[in-house]
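Please read the following briefing alongside the sequence and the model.

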Amino acid sequence: MRDREQILTTLRQRARTVAHPPAWQSRRQFDDLSERFASSLTAGHGEVHRAGSIDEALKTLGDVLAGLGAQKVAANAEPPLGDIDLASRWPAIEWRMAGTEDGDLRAFCAAADAGVTGVDAVLAETGTVVISSGPGRSRQVPLLPPVHIALAPASSLTADLFTWTAARSGAMPANVTLISGPSKTADIEQTMAIGVHGPKRLIVILYDD
């Protein structure tokens, strides 16, 4: 332990404060962010539904869940989901809201038909959904069920990762997940397989806010 402490002491004495470089400013511009996002996500085997309002988005969510025949659905307690009584709106579905109920959330998500989340941002260039962890925001909700449904307001659209990073403020959360379509993998012969290590479907409901 003496050698270890000597090494650590030496490193502490030689430590110096270094300013981080400024965030890189992207030069990417798209005439229509929503169109670019939809085309990029569709190319990555994701699905996009458009809605003119949050009410229309919730109706679309209900239609999607009905089409899936969903009986068990996990959700993150984040905008716009945190202010909605999901159980009253869809009483035929068993809901579990992350961070608001006791019980084994992991087991529920593993057996759920879908996971529903909000978003931190959606990136037009790559068709990517940005989701962070935190209170009421479990990583298990978008990753364990076979279908991930994300409710994304149009105000969350941004050109690319660099633009979003440069615009955000505050400390980074413990975990940030970038999702560009359903889970995909390929073997040495480049044969694509979908849904092997995560959701088989990513459905984004993009609504005007």
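Leaving aside residues up to four places away in sequence, Thr60 touches His49 and Ile205, where contact means heavy atoms within 4.5 Å. Thr60 lies in helix α3, and helices (H or I, at least four residues) and strands (E, at least two) are DSSP runs, numbered from the N terminus. With a relative accessible area of 14%, Thr60 is buried; buried means under 20% relative accessible area, exposed over 50%, and partly exposed in between, with a 1.4 Å probe and protein chains only. The model is predicted, so that local features need pLDDT of at least 70 and side-chain atom pairs count only at pLDDT 80 or more, whereas totals for chains, interfaces and linings use all residues. Residues are numbered from 1 along each chain as its sequence is written, and side-chain values use heavy atoms, with hydrogens and water left out.

- Helix α3 covers residues 54–68, and its 15 residues should span 21 Å at 1.5 Å a residue, which agrees with the 21 Å between its end C-alpha atoms; the expected span is 1.5 Å times one less than the number of residues.
- The buried residues of α3 include Ala57, Leu58, Leu61, Val64 and Leu65, and Thr60 and Gly62 are buried as well.
- An α-helix has 3.6 residues a turn, so residues three or four places apart point the same way.
- After α3 comes Gly69, whose phi is positive, near 65 degrees.
- Helix α1 (residues 2–14) has 13 residues that should span 18 Å at 1.5 Å a residue, and its end C-alpha atoms are 19 Å apart, which agrees.
- Helix α1 is hardly covered, since the count of buried residues among its 13 residues is 0.

**Strand β12 and its partners**

- Strand β12 (residues 201–207) is mostly covered, with 6 of its 7 residues buried.
- Strands β1 and β12 run parallel and are joined by 5 bridges; two strands pair if DSSP finds at least two bridges between them.
- Ala51 stands opposite Tyr207 in β12.
- Strand β7 (residues 147–153) is also joined to β12, here by 7 bridges, and these two strands run parallel.
- Ala150 stands opposite Val204 in β12.

**The open sheet**

- An open sheet of 4 strands has the order β8-β5-β6-β9, with mixed pairing.
- At the edges stand β8 (157–158) and β9 (176–179), each with a single partner strand, so one side of each is left without a neighbour in the sheet.
- Strand β6 (residues 128–132) runs antiparallel to β9, and 4 bridges join the two.
- Val129 has Ile179 in β9 as its bridge partner.
- Strands of a sheet pair through backbone hydrogen bonds, either parallel or antiparallel.

**The surroundings of Ala74**

- Ala74 has its place in strand β2 (residues 72–75), and at 0% relative accessibility Ala74 counts as buried.
- Not counting residues up to four places away in sequence, Ala74 touches Arg96, Phe108, Cys109, Ala112, Ala114, Gly115, Val116 and Val141.
- Ala74 and Ile149 are 75 residues apart in sequence, and their C-alpha atoms are 10 Å apart in space.

**Backbone features in loops**

- Most residues other than glycine have a negative phi, and most peptide bonds are trans.
- His45 is not a glycine, although its phi is positive, at about 70 degrees.
- This residue, His45, is placed in the loop between α2 (33–43) and β1 (47–51), and His45 is partly exposed, with a relative accessible area of 46%.
- From Pro79 to Pro80 the peptide bond is cis, with omega near 0 degrees, and Pro80 has its place in the loop between β2 and α4 (86–89).

**The chain as a whole**

- The secondary structure of the protein chain comes to 7 helices and 12 strands, and its C-alpha trace spans about 65 × 45 × 45 Å along its principal axes.
- Of the 209 residues in the protein chain, 42% are buried.
- Among contacts in the protein chain with a separation of 6 or more, 72% are between residues 24 or more positions apart.
- The accessible surface of the protein chain comes to about 12100 Å², of which 51% belongs to carbon and sulfur atoms; accessible areas come from the Shrake-Rupley method with a 1.4 Å probe, and for residues only the protein chains shown count as cover.
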